[in-house]
Amino acid sequence: MSTSMRAAIRTDYGPPERIAVTTVPKPVPGDHDLLVRVRATTVNRTDCANLTGRPLVMHLVLGVRHPREVRIGTDFAGEVVAVGSAVTAYRIGDRVCGFRDTGLGGQAEYITIRQDGPLMTIPPGLDFATAVASLEGGHYAYSFFRRSGVESGDRVLVNGGSGAIGSALLQFAVACGARVTSTTAPEYLEAVAALGASRVMDYTSEDFTRSPAQYDYVFDAVGKSTFGRCRPILEERGIYISSEAGPYLQNVFYTLGTALIRSGKRVLFPVPLSPKESLPFIRRQLEAGTFRPLLDDSRYTLDNIAEAYRYVMSGRKRGNVIVDVA
């Protein structure tokens, strides 16, 4: 068996041109580790932040001057090909997938991961691409959904229903009985409606912040709006949540400020929950058929993964961009 493999790496923060696909030593599993043959991964917004070091807080997380880990990739789906001597939860041949926002080195032919790490078995009948596409967007969507407290009958607006986070959040809200309105680009209107939205708005021709409707929750899954613009469409005790901190970190400060007010419209900027909490929820939704991640029409291989990063950073993607590793 070969002792080397191919992996995507970068030694410094920067644009996709910094990525190199090169031969590196294949990892050896420790006593508590699985060795996984990676079949599919994605390039997502978190990957792009880890690559570029933007926002600057990523430097504090990944390495101040240079990234501590040169291998990149936050997620993976594949097959267990070897296990450590102390592994009891998985066997060779198991199909597994996993996600960590600070990186797992998943954009490679093989990875090792502890058996108690952020991973799960893939439900029967689900292909590797669909499994890996459920992770990053599903993880952040679950964090927003869980901390917001959306319930059956609530009126919810999702800004950006064709993105990885927005499409997952939309489906989680629909599954709990909420009435969901979503915005998207005109070419994705039908796809977003098929996810269960009761109304879909073309953001190029209609400004959702000027809607006469009122909502219990406004989820800005693409971080393109503000609390101030969305206040008029929130109910008296409505909640605004964004995937971004907003101009001058305003969503963080609004969260602290509005938390002191026991009534009125509020902002939540939830810290993501642990994947160990989100992944079981995602798996249950996949098994129940109440969640299917959106897949972009484009597909990439490990050899042209830099092009996948460029495409994701262009803002033109729909849902999740798949990279086929083998």
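## The loop residue Q115

In this predicted model, Q115 sits in the loop that runs between strand β6 (110-114) and strand β7 (119-121). Q115 counts as buried because its relative accessibility is 17%, and the cut-off for a buried residue is under 20%.

The side chain of Q115 has polar atoms placed close to the backbone of two other residues: one lies 3.4 Å from the backbone oxygen of A86, and one lies 3.0 Å from the backbone nitrogen of T88. When residues up to four places away in sequence are not counted, Q115 touches H32, L34, A86, V87, T88, A89 and Y90.

## Helix α5

Helix α5 covers residues 164-175, and its twelve residues should span 16 Å at 1.5 Å a residue, which agrees with the 17 Å between its end C-alpha atoms. Ten of the twelve residues of α5 are buried, so the helix is largely enclosed by the rest of the structure; among these buried residues are G166, S167, Q171 and F172. After α5 comes G177, which has a positive phi near 100 degrees.

## The nonpolar cores

The largest nonpolar core has 48 residues, of which V156, F172 and F219 touch the most other members. Elements that give two or more residues to this core include β8 (155-159), α5, β11 (215-220) and α9 (275-288), and the largest share, six residues, comes from α5.

Leaving aside neighbours within four places in sequence, F219 is in contact with several residues, including F144, V156, V158, L169 and I241. Another core, of 16 residues, lies apart from the largest one, and A8, C48, A306 and V323 are among its members.

Terms used. Residues numbered from 1 in each chain as written. Predicted model: local features only at pLDDT ≥ 70, side-chain atom pairs only at ≥ 80, totals over all residues. Heavy atoms only, no water. Helix = DSSP H or I, 4+ residues; strand = E, 2+ residues; numbered from the N terminus. Buried < 20%, exposed > 50% of the residue type's maximum accessible area, 1.4 Å probe, protein only. Polar contact = N/O pair within 3.5 Å; in protein donor to acceptor, adjacent residues only side chain to side chain. Contact = heavy atoms within 4.5 Å. Expected span 1.5 Å × (residues − 1). Core = buried A, V, L, I, M, F, W, Y, C linked by side-chain atoms within 4.5 Å.
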